[in-house]
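Subject: A structure for you to look at

Hello,

Here is the structure I promised to pass on. Please open it alongside this email.

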Amino acid sequence: MTAIQETAHESEHAQDHHHDHPAWLAHHFDDAEQQFDAGKLGMWLFLVTEVLFFSGMFCAYSLYRNRDPQVFEFCSRFLNEKLGAINTGVLLFSSLTMAWAVRAAQLKQHKLLVGMLGATLGCAAMFLGVKAVEYSHKWELGLFPGKFYVSQIPGAAHGEHGYLGSLCIVPLILTIIAGVYYIYSLATMSKFHQQVAGPILVAGACFFGGVQLGRILEAEETTHHAAEHAAHEHSPGASHDHSQDHSAGELLPEKEGGEVIALGHKSIEDVKVMSEELKTPDASVNQKSMAGLFFSIYYCMTGVHAVHIIGGMLVITWLIVKAAREEFHDQYFGPVDNVGLYWHLVDFIWIYLFPLLYLIT
Amino acid sequence: MSVADRPIVSPASGEGAAYPEHHFLNHTSGFLSWALTLDHKRIGLMYLVGVMSSFALGGMFALMIRLHLWNFKDGWLSNQTYNQVFTLHGAIMVFLFIIPSIPAALGNFLLPIMLGTKDVAFPRLNLGSFYLWVTGLVLFLTALSITGLDTGWTFYTPYSIETQKGGAVLAATFGVFVLGFSSIFTGLNFIVTINTMRPPGMTWFRMPLFLWATYATSIIQVLATPVLGITVLLLSAERLLGIGIFDPKLNGDPVTFQHFFWFYSHPAVYIMILPAMGIISELMSVHCHKGIFGYRMIAYSSVAIALFGFLVWGHHMFTSGMADVTTIVFSALTFTVSIPSAIKVFNWLGTMYQGTVSLNTPMLYALAFIFLFTIGGLTGLPLGALALDMHMHDTYFVVAHFHYVMMGGTLVAFLGGLFHWWPKMTGKMFNDNVGMISAAIVFVGFNLTFLPQFVLGTRGMPRRYATYLEEFQDLHRLSTIGSLTLGIGLLVALLVLLHSLFYGRRAPTNPWGGATLEWVCSSPPPHDNFATAPTVGDPYDFNGIEYDAKQGGYVKKA
């Protein structure tokens, strides 16, 4: 049996065999190319499973939108396209920086690599910041999933519940830790620690930048409504071309009036429902058994997507550590390449979510 | 380290005992050397212990069910407990035993060795899969011990939404989610390993058929399991947040859950049976000492089964409410699956024809497989036919059918494979005579358990009932006697294997006369399997492999 003779023969060189392997090449691979191919194929297969994972929710989306299109049109008006568009831009830009990072890894541009990974991490954090504003704003309006959905009535008061504050607690703690770590890295004059702590601290700042940006835009929208509302009060029916951004005071949903819950005591302005839409047929969809389903799908899809963003941030942080150690070179950049692929997929899924959820009216 | 890397003995030399002094089992020692190992062989053995323990647990529940049904009423369990027992029996057997059994335990051990590589492509991911499996096990046991799960293993809505055992549903569905990812990562690992790490000379059509079957299985694991993941995640959200996607009160659709669930769980049936078919292909060829008949057709039929498997999920739901046209299409597609399955059975029989059959324990299990799987497969046809299914849906006929395929098929093949590769895994030979007795008892006990259930089903005995009409009592008692016999057979098999660990003689490198690469490695294999990738040829070329009485095993004569 030639195979075994060869094996026995080769065993003489067993010790040498290990010396042939550089640290970055796992011992069970023959060469760098095999290792790279295996990693790449593994990542593509993982992306296939990710697509199928989301496909269940896309299926549910198409099923229920096809059955009740008016629910989706009605509910989509509560989503702020401006924030969605900004997040789309942020993610697209992060895909650019990620692709640039792959090139930097191949060319051994270590500082640029850390910078690009840091930029990607910052964009991801900013995305989550904007998302936090979107979520908390909806929760304050009572736009919860499924059975917790609160029927929207113009005139209902909405209070501050501090949802945004709660969402910011964990990022705040992480940012403070990153800040302390950065000060430590400055104190110890460690270049490695500075290269790791810097991008993480910037990402923390980006999250709060995103929150701030979101709040400004959301507030703008609200004042816009208030102005519209005032105009509407003075000259009823005057500005129908801005109908989406309207709020109106007089009509209650015809069904389920009894379930209307007033939350707190704040003003009415940010309910973007026009009086006409609260009549038929839309009044019937403004209840938890109809609109609730849309928000279930909305929270499931964007929530699972957000979990993927967080996962991506963790692996990018891992890459930053490796990049700060200057581990990557033209023979070994597979991890950057593969995380890049993953990141593009996360971006790609958002590219579908944005129009399907925000832009259907 | 370096010493252990060397294959100590070359069977080609024909000199000395084939039993190596250093091998993967004694390469390092201590608890952590196992718990943190990246060696696919040790991970495979840990899986083996895990899945066998789960099987024992699931088997206990099965016996509890059968004993409860001894009398037509007033069984020894309360109705509520009975519900929980059959749920746990199903859930444990499906998610903790059958799905990981062959791919994760035997596949992990054998796949890299059959490929002549040192390990799978991602050894850390492999260990991660194992710990995900352990996490899933813990969550299941939580569901078992804290509260009782009583929804059936399928978690159908609205039971799973409305049952009072909310905590148990959450723990179990999260367990399923975690187990799903364990399964995905194993499949992903295998696909990448087979694609990128085949040794020189091993083209796709020179792969052992077990690898083809594992590859087809892995494709299903990677493509179907994520859908189960999102389904159970949505179900958890349904319970936790009341999202309403599957709840008619909130305008959701419970049948959607069934579609999502079976989109995974029907292909999952092929995750269970395909690796079993791979084992049988190896066993038939090796123990008949004859090249496999119709190699390419068996290989293609594995892939065909994997692909067809994605198109037939609707046949679980003929009575759930679907458009008439849809049911007809699903019914027609269901019949197509029988074609590649039949191709395999005929090819195995063709392999035996004019072969030199060694009647030993693995071969007896393989023969039992062919007999039982054929019955299981053929009784699937009436269930795939619309008119008959309306009559037999949710009866004992269905129960008997899928037990013939899952247990008579997968479990028997798993046992056959376990006996076949046991000398390779442990380096010890088992007592073949007692092993054959165990195969005989299992075969008799199995048929005694499930043949009466076909009759019960056609006479209208519904599944999952804690009580039944008195006229069914005799057949139920027959089935219960059978299940106890089966239990004894399995116990004998376990004792044979355990006995061999302590008293078995040392296994030769090639005890059965196989030609695939694992029979070139010493028994048990060294830590790194092969120092360099060996060059390989036809895996079913038995020319020149002859019995050598001195070694007690087969040797390749030049």
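Below is what was found in it, chain by chain and then in some local detail.

A few ground rules come before the findings. This is a predicted model, in which local features need pLDDT of at least 70 and side-chain atom pairs count only at pLDDT 80 or more, while totals for chains, interfaces and linings use all residues. Residues are numbered from 1 along each chain as its sequence is written, chains are lettered from A and ligands numbered from 1 in the order in which they are written, and side-chain values use heavy atoms, with hydrogens and water left out.

**The two chains**

Chain A has twelve helices and zero strands. Helices (H or I, at least four residues) and strands (E, at least two) are DSSP runs, numbered from the N terminus. Of the 361 residues in chain A, 53% are buried; buried means under 20% relative accessible area, exposed over 50%, and partly exposed in between (1.4 Å probe, protein chains only). Chain A exposes about 15500 Å², with carbon and sulfur atoms supplying 65% of that area. Accessible areas come from the Shrake-Rupley method with a 1.4 Å probe, and for residues only the protein chains shown count as cover.

Chain B comes to 17 helices and two strands. Here 64% of the 558 residues count as buried, and the accessible surface is about 19100 Å², 68% of it belonging to carbon and sulfur atoms.

**Where the chains meet**

At the interface, 53 residues of chain B are in contact with 48 residues of chain A. Together the two chains bury about 4200 Å², of which 72% is on carbon and sulfur atoms. Buried area is the accessible area (1.4 Å probe) that two parts lose on being put together, summed over both.

Nine residue pairs are in polar contact across this interface, both residues being at pLDDT 80 or more. On the chain B side, helix 1 (2–5), helix 7 (166–196), helix 8 (209–241) and helix 9 (254–288) each supply at least two residues that touch chain A. That side of chain B has 33 nonpolar, twelve polar and eight charged residues. The classes take Ala, Val, Leu, Ile, Met, Phe, Trp, Tyr, Cys and Pro as nonpolar, Asp, Glu, Lys and Arg as charged, and the others, Gly among them, as polar. A polar contact is a pair of N or O atoms within 3.5 Å; within protein, one must be able to donate a hydrogen and the other to accept it, and residues adjacent in sequence count only if both atoms are side-chain atoms.

**Salt bridges**

How many salt bridges join chain B and chain A? The count between them is zero, although over all chains it comes to nine. A salt bridge is a side-chain nitrogen of Lys or Arg within 4 Å of a carboxyl oxygen of Asp or Glu.

One of these pairs A:Lys40 with A:Asp337 at 2.9 Å, N to O. A:Lys40 lies in helix 3 (residues 32–67) and A:Asp337 in helix 12 (residues 334–358) of chain A, so the pair ties together parts that are 297 residues apart in sequence. A:Lys40 is partly exposed at 24%, whereas A:Asp337 is buried at 12%.

A:Lys138 and A:Glu134 form another, with their closest N and O atoms 4.0 Å apart. Both sit in helix 6 (residues 110–141) of chain A, about one helical turn from each other because they are four residues apart. A:Lys138 is buried at 2% relative accessible area, and A:Glu134 is buried at 0%. With A:Lys131, these residues are linked in a network of salt bridges.

**Backbone details in chain B**

Most residues other than glycine have a negative phi, and most peptide bonds are trans. The peptide bond from B:Thr157 to B:Pro158 is cis, with omega near -5 degrees, and B:Pro158 lies in the loop between helix 5 (123–145) and helix 6 (159–162). That loop also holds B:Phe155, whose phi is positive, near 50 degrees. B:Phe155 is buried, at 0% relative accessible area.

Enjoy exploring it!

Note on methods: Contact means heavy atoms within 4.5 Å.
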